[in-house]
Amino acid sequence: MPARDADEPSFAVAADRSQWRYRPRRAFWRSRVVRAVAVITLLALCALVILALVREQTGTEGFLVGLGLAVLPVPLLMAAFRWLDRVEPGPWKNLLFAFAWGAFAAALVAILANSFAVRWIATATADPGSADDLGATVIAPVVEESAKAAAILLLFLFRRRDFRSLVDGVVIAGFTATGFAFTENILYLGNAFGEDQDLGDGGIGAVTAGTFFVRVVMSPFAHPLFTVLTGIGFGLAALAPRGKVRRPRKVLLPLAGLLLAMGVHALWNGSATFGGPLAFYAVYGMFMVPAFGLLTWLAVWSRQKELRTIAGVLPAYAAAGWLSPEEPLALSSMRARRTARAVAAGRYGKAGARTVGEYESFATTLAFLRERARRGTVPVPDFAAREQELLHHLWERRATASPALSYAARATGRVWVPPQYLDYGGYNPYKG
């Protein structure tokens with residue numbers, strides 16, 4: 001028997017840890033399964049209620065037409081935001097939660113709160129027309145952006161390890177807003193179809209076509225543009241270093257992003273409500289298009305910055321012998337990564353490509369972990385344990401992935417290779 005609090009006791013007779021029969025007791029509500037079931041149930045109930053409300057307003061035919069037209073931009077938007085997240089992809093379960101929250105929970109909160117606020121203003125002022133304008137310009141931006149921001153806040157608080165950069169904030173906000181716009185488009189397109197039916201058109205008439213052009217063709221990124229501003233605030237808060245300054249930043253930066261999102265949303269709605277078509281197109285061309293271009297540049301720049309971080313951090317592990325000298329260069333290029341997976345697939349099949357993909361993912365996570373530790377956002381003891389775990393995963397896949405990445409670095413020009421037809425000082429390695 002070892003001395004208490006001195007030597008570590010030996011449990012040689014005990015079974016392997018994976019076969020242990022006793023586990024620490026946890027509170028029922030803290031179980032992952034219970035929490036997952038609760039979230040899914042809540043979102044499912046919200047989906048049933050919001051879709052029933054939309055169908056009640058649009059009618060069955062209008063609902064089906066709106067659903068068919070509203071779904072068209074969704075794959076494009078989701079693919080665009082997922083493309084931004086290719087360097088260190090976040091879990092799909094987080095993105096699907098964000099989309100479902102925007103489509104069902106946020107949309108339900110928005111339609112109920114907006115309707116209640118407009119009715120209250122109309123009753124208080126005895127002016128339903130002004131109440132509708134005020135609701136669209138002031139109430140809707142505040143309610144809708146707050147409801148969408150709730151999804152980003154939940155992931156920021158409860159999935160903190162997956163929420164690490166500005167790109168993560170942009171992608172999560174984009175998925176949330178895409179879901180919200182999807183449900184809202186069903187409502188608008190379904191009502192437009194109902195108006196065409198009332199006017200006597202047999203199919204999709206001018207009102208439906210015009211609504212589809214404005215909401216789906218001209219401005220599919222409108223809601224994502226608003227909510228991405230909130231996501232940028234949360235992303236900057238995630239990058240804040242540890243210390244006394246971090247807590248104010250974690251509150252003020254997301255709040256500033258949310259207020260900016262509300263302001264831009266109010267400007268967009270107000271241009272259509274008070275200014276008419278001319279003001280709407282003026283705001284669209286002079287503000288929305290440049291703002292969208294600026295945010296797109298910021299998102300792409302952030303992705304390139306992530307690749308530069310990989311190129312700057314991983315050489316330390318190459319110098320220590322964990323990686324080959326060419327691997328950091330290959331891992332900091334999306335083209336070289338694709339080439340490495342293709343080379344491994346050609347030699348080892350799908351299993352080889354999957355192994356290289358896992359190696360790339362672990363190496364990327366290792367680079368960002370070390371960078372966050374340098375900035376002071378990861379505690380030192382936690383960093384050491386996680387670093388060793390990631391290095392172990394790399395070591396297990398090194399035999400397959402390292403040669404493929406080294407070849408990809410040369411094949412894509414990341415590493416300079418002398419041409420085969422030239423002699424250098426009388427020596428040509430290709431000629432023996």
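Select Arg 337, Ala 340, Arg 341, Ala 344, Ala 345 and Tyr 348 in H12, and you will find that they meet Lys 350, Ala 351, Gly 352, Ala 353, Val 356, Gly 357, Glu 360 and Thr 364 in H13, where contact means heavy atoms within 4.5 Å. Helices here are DSSP runs (H or I, at least four residues), numbered from the N terminus. The model is predicted, so that local features need pLDDT of at least 70 and side-chain atom pairs count only at pLDDT 80 or more, while totals for chains, interfaces and linings use all residues. Residues are numbered from 1 along each chain as its sequence is written, and side-chain values use heavy atoms, with hydrogens and water left out.

By class, the contact of H12 with H13 holds seven nonpolar, three polar and four charged residues; Ala, Val, Leu, Ile, Met, Phe, Trp, Tyr, Cys and Pro count as nonpolar, Asp, Glu, Lys and Arg as charged, and the others, Gly among them, as polar.

Now show the whole of H12 (residues 334–348) and H13 (residues 350–375), which pack at an angle of about 150° with their axes 6 Å apart. Axes are lines fitted to C-alpha atoms, for helices over the stretch in contact, and angles run from 0 to 180 degrees between N-to-C directions. H12 and H13 are therefore roughly antiparallel to each other, since angles over 145 degrees count as roughly antiparallel, under 35 as roughly parallel, 65 to 115 as roughly perpendicular and the rest as oblique.

Next, select H3 (residues 92–125) and H5 (residues 166–198), whose axes are 7 Å apart and which pack at an angle of about 40°, and are therefore oblique to each other. Among the residues making this contact are Trp 92 and Phe 99 of H3, and Phe 175 and Leu 187 of H5. The contact of H3 with H5 divides into 15 nonpolar, five polar and no charged residues.

The contact includes Leu 77 and Phe 81 of H2, together with Val 170 and Gly 174 of H5.

Terms used:
Helices (H or I, at least four residues) and strands (E, at least two) are DSSP runs, numbered from the N terminus.
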